[in-house]
Amino acid sequence: MGIEEHSVAVVGGGPTGMVLGAELTLAGVDAVVLERGAEPDRVGARSGGLHARTIEVLDQRGVGDRVVAAGRPMQVNRFVTTGTTLDIGDFPSRRPYGLALWQNRFEEILRDWIAELGVRVIYGREVAGLAQDAAGVDLALAGGGTLRAGYVVGCDGGRSTVRKAAGIDFPGLAATVSSLVAEIELDEPPEPTVHSDERGVSGIGPLGDGLTRAVVCERELRDGDDPTLEDLRAAMVAVWGTDFGLRAGRWISRFTDASRHAATYRAGRVLLAGDSAHIHPPVGGQGLNTGIQDAANLGFKLALVAAGTAPESLLDSYEAERHPVAARVQRNTAAMTALVRGDERTAALREAIDEILQLDEARRAMAGALSGLDIRYDLGDGHPLLGRRMPDLDIATADGPRTVFELLHRARPVLLNLGAAGALDAGPWADRVPVVDATCDGPWELPVIGAVPAPAAVLVRPDGHVAWVGTGDDSGLADALDRWFGPAAPSTAAR
Ligand SMILES: Cc1cc2nc3c(=O)[nH]c(=O)nc-3n(C[C@H](O)[C@H](O)[C@H](O)COP(=O)(O)OP(=O)(O)OC[C@H]3O[C@@H](n4cnc5c(N)ncnc54)[C@H](O)[C@@H]3O)c2cc1C
């Protein structure tokens, strides 16, 4: 029997790997997700929720409603952890809020969704190493055996085997503080409480089903991901003077304030996404959100390259677009981490920054960054929509009323013609890029920057970002189609 082969192997079935698996499968790619866990991991609520842009990305695939129904919409943006909430209720989005939803519940929903899509996930399959050649990558499997793939994406978390095996450096800020996060049973559970000291923020509160969730800073920096109940008890007593009758732990994990960023997101046929590409402290709640948006950005590009429709150089735009986003997240989380610690002078700085952030322009700018709604990829100069997320506007089409995001549900691009019906076509790209004639009353308004001129047409990528804006003719359209969706077939290239 020959070795198992796939066009793309996604290593790691966490949130990033699942969303990437969905993107590739929707695009018709032969992809497999390899997850080392023997079965889906149902414990370990790490992330507490989603930011607005991540909910929008899920809306673009039609799963936003079921995710929102499982959580609690609320205002979640804070730069100063103990300070003012930066309300985005006035942002022009259908989702002007964040969502409180534990990561394990969110992952359950993702698992159901990708099963419906037919994404192939193999549990109990751990990747131990890799070797690549000009045509593909051989993955060495723990326990023996090899799997070959045209491309491999490491979505295998902060300690990524794929990143290390591909020889990609992970420079950044070393850990100074470690914390324990745990789901525990207590005899005397306290009221939800937050404690801030020179080492950072600790918190404790109910998780449901008689369980309590605790996040506790340790007094000394510890390493390793195998903390014990006694480690947790010692840390709780040091912070609160009591262990609240700690009886049992369902799950305990350790994380640190280390902040590291992969030197490159691609080494040949190996790419990185999510925590394998960037880690930072959880303050601000950005890690999972950034990973899901990485997957949306990479998915359609890798699908086109793996199918041979677009050149490999398209993959370089993934790093060019996403690296600056994660770098900004890391800068902001490093600043937030510094602000939650410290002496009276740091407390004064915290208060001063919190005061500034109450000014409307400052609030909008920072909340735009934390919610992800202000992300703009550098696609050159031009209309303010270029490179930004397409708003989910109501449109009228020949098939009836639609929203823009409905047009993206199948992870395909769309050329939205808002001028005279039939005035635009996708020429030799018509097989890849559907054209929809529509009318739209707007309002054309973007988060943070406000009103923008109504365009005559927009080319929207599958990740929801605007790749071209028409102002009445098709100038620049062929270049944009070629850049983002591969060259036109030679026989039909004349345009
Ligand atoms: C206390 C805490 C609170 C947090 N709060 C938030 C928050 O509020 N908001 C937010 O956005 N983020 C938050 N995060 C961060 C968030 O949990 C991570 O960013 C997110 O889980 C990253 O997803 P991922 O899929 O990239 O990686 P992971 O979730 O780490 O998934 C990696 C997967 O790969 C598998 N794997 C690993 N190695 C291999 C291998 N060799 N072969 C096969 N499979 C492998 C693992 O089993 C795992 O399933 C928090 C983190 C912590 C610790």
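This is a predicted model: local features need pLDDT of at least 70, side-chain atom pairs count only at pLDDT 80 or more; totals for chains, interfaces and linings use all residues.

Author: Residues are numbered from 1 along each chain as its sequence is written.

Reader: Which element supplies the largest share of the shell around the ligand?

Author: Helices (H or I, at least four residues) and strands (E, at least two) are DSSP runs, numbered from the N terminus. Helix H1 (15-26), strand S2 (31-35) and helix H7 (287-306) each give at least two residues to the shell. The largest share, four residues, belongs to H7.

Reader: How far apart do the C-alpha centres of domain 1 and domain 2 lie?

Author: Domain bounds come from an automatic or database domain assignment, which gives domain 1 (4-172 + 260-371), domain 2 (175-257) and domain 3 (394-492). The shell around the ligand takes at least three residues from each of domain 1 and domain 2. The C-alpha centres of these two domains are separated by 25 Å.

Reader: Which residue in S26 is the bridge partner of leucine 415?

Author: Strands pair if DSSP finds at least two bridges between them. Strand S22 (residues 414-417) and strand S26 (residues 457-460) run antiparallel and are joined by four bridges. Within S26, the partner of leucine 415 is leucine 459.
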